[in-house]
Amino acid sequence: LNVLGDSVKQLKWIHAWPYAGGQEELVNRAFEVGKALREFEVPAYIVEGVDQRVLRLIFTRVNTGGVAMHESEIFEALYGDEGDKPIQSAVSRLCELGFGQLEADLFLRCCATLDPSLNKTDGAAAKPPSDVMRRTEAALRRAILAIKEAAGIPHWRLLPYRAPLMLLTAFFDRFPDDDASVDRRLAHWIWRGALTGEHSDSSNARIRRLVK
């Protein structure tokens, strides 16, 4: 497959194949496969005169069939400007804290604690306010510091469950001030929820309920 897309490379490969002389049928099949691949027609459609909600719905449904795109990839494609990837940029900046690189889908779920419309997976959700990404990054930065320093968890993959990271994003968006006593109580909450299994359910419905 690494040569089939280029007819010159394929021809060189056939000539260099030591069994080409006695395998005419296989050589012909190889050429047919290369030809079919290079001449495959990719369908394209131009949709005009439709509002953006419908366009987003079409885009989401097309890209969630077969091998589906991640929600964060759909978000980047819908809302990134000129190749900009707002989620990846925010995740990269958070790496400076030494907490590891958060998964883009996890960051998007943290965003949804501030803007519940992002939980919609049918493509009909409106573009989030421009400050949601900034607020999410700032709240996550504060949450990461609390988790590392108070709870003693050095990397996000060592978190027993992910629900605390999403809930703390909502919490620190509302109460961003540094407070050592609050951080200690949050550390107790994280470990108690891990030991009891209370934090194991991180479904969208439960996270929404707890944020409220």
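This is a predicted model: local features need pLDDT of at least 70, side-chain atom pairs count only at pLDDT 80 or more; totals for chains, interfaces and linings use all residues.
Let me begin with Thr-113, which sits in the loop between α6 (104–112) and α7 (131–149), where helices are DSSP runs of H or I with at least four residues, numbered from the N terminus. Residues are numbered from 1 along each chain as its sequence is written, and side-chain values use heavy atoms, with hydrogens and water left out.

Thr-113 has 7% relative accessibility and therefore counts as buried, a term that means under 20% relative accessible area, with a 1.4 Å probe and protein chains only. Leaving aside residues up to four places away in sequence, Thr-113 touches Met-166, Thr-169, Ala-170, Ile-207 and Val-211, a contact being heavy atoms within 4.5 Å.

Helix α6 is itself mostly covered, since seven of its nine residues are buried, and these are Ala-104, Leu-106, Phe-107, Leu-108, Cys-110, Cys-111 and Ala-112.

Turning to α7, its axis and that of helix α8 (residues 163–174) come within 8 Å and cross at roughly 110°, the axes being lines fitted to C-alpha atoms over the stretch in contact, with angles from 0 to 180 degrees between N-to-C directions. The two helices, α7 and α8, are therefore roughly perpendicular to each other, a description that covers 65 to 115 degrees. On the α7 side the contact includes Arg-135, Ala-139 and Ile-147, and on the α8 side Leu-165, Thr-169 and Phe-172 are among the residues involved.

Definitions and conventions
Buried means under 20% relative accessible area, exposed over 50%, partly exposed in between (1.4 Å probe, protein chains only). Angles under 35 degrees count as roughly parallel, over 145 as roughly antiparallel, 65 to 115 as roughly perpendicular and the rest as oblique.
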